[in-house]
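Trainee: Could you take me through one part of this protein in some detail? I would like to see how a single stretch sits against the rest of the chain.

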Amino acid sequence: MAEIRQYMEILLESLKKKKTILQKILEENEKQEKAIKENSDMEAFDRIVRDKRRLIWDLESLDSGFDSVYNRIKEELPAEKAAYKQEIAHMQELISEITALSVRIQATEQRNKQLVESYFAYAKGKIKQAKKSVRAANDYYKNMSRGGYGDSALMDQKK
């Protein structure tokens, strides 16, 4: 019985940490959105992506630890359900909050993805326009460097 109580405390602590990490990911998503909208600081964008990657690794570690601990007590827990009613209710509350955070994160990730795609489409258009401008300038300078020879189509062919 004492062993199950310790495992329940570990599960609760794991859920609390998971909630905290998800809140940090949500904050990073908001920073990322700001960096994308400002279009100026792509280094900050990259740093945020690295920070989020670390948070996701922590989250995955917590999930695997939670599963491992839960698997140890899942068969004994139904028999002791009444004794841990309060802990189970708290876990359900945390799981509900975690689910809500996950949904918000997915929404911000989708919004950021659309912002990044539109930013890259804009940048691609700017690059294409710059290439056209360079090509036009090069063609102009080539034509002008040929010297005093006019375009033969405009010259009178009669002598």
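Mentor: Happy to! Methionine 144 lies in helix H3, which covers residues 85-145; helices here are DSSP runs of H or I with at least four residues, strands are E runs of at least two, and both are numbered from the N terminus. A word on the source: this is a predicted model, in which local features need pLDDT of at least 70 and side-chain atom pairs count only at pLDDT 80 or more, while totals for chains, interfaces and linings use all residues. Residues are numbered from 1 along each chain as its sequence is written, and side-chain values use heavy atoms, with hydrogens and water left out.

H3 has 61 residues and spans 88 Å from its first C-alpha to its last, close to the 90 Å expected at 1.5 Å a residue (that is, 1.5 Å times one less than the number of residues).

Methionine 144 counts as exposed because its relative accessibility is 52%; the cut-offs are under 20% for buried, over 50% for exposed and partly exposed in between, with a 1.4 Å probe and protein chains only. Together with Tyr140 and Tyr141, Met144 makes a nonpolar surface patch of about 390 Å². Patch residues have over 30% relative accessible area and no salt bridge, with like charges joined within 9 Å and nonpolar side chains (Val, Leu, Ile, Met, Phe, Trp, Tyr) within 5 Å. A salt bridge puts a side-chain nitrogen of Lys or Arg within 4 Å of a carboxyl oxygen of Asp or Glu, and areas come from the Shrake-Rupley method with a 1.4 Å probe, where for residues only the protein chains shown count as cover.

The buried residues of H3 include Met91, Leu94, Ile98, Leu101 and Ile105. An α-helix has 3.6 residues a turn, so residues three or four places apart point the same way. Cover for the buried residues of H3 includes helix H1 (2-38) and helix H2 (42-73). One contact (heavy atoms within 4.5 Å) to look for is at Met91, which leucine 11 touches along with Phe66, Val69, Tyr70 and Ile73, leaving aside residues up to four places away in sequence.

Leu11 is also among the residues that touch the most other members in the largest nonpolar core, a group of 24, with Met8, Leu22 and Ile25. Such a core is a set of buried Ala, Val, Leu, Ile, Met, Phe, Trp, Tyr and Cys residues joined through side-chain atoms within 4.5 Å. H1, H2 and H3 each supply at least two residues of this core, and H1 gives the most, with 10 residues.
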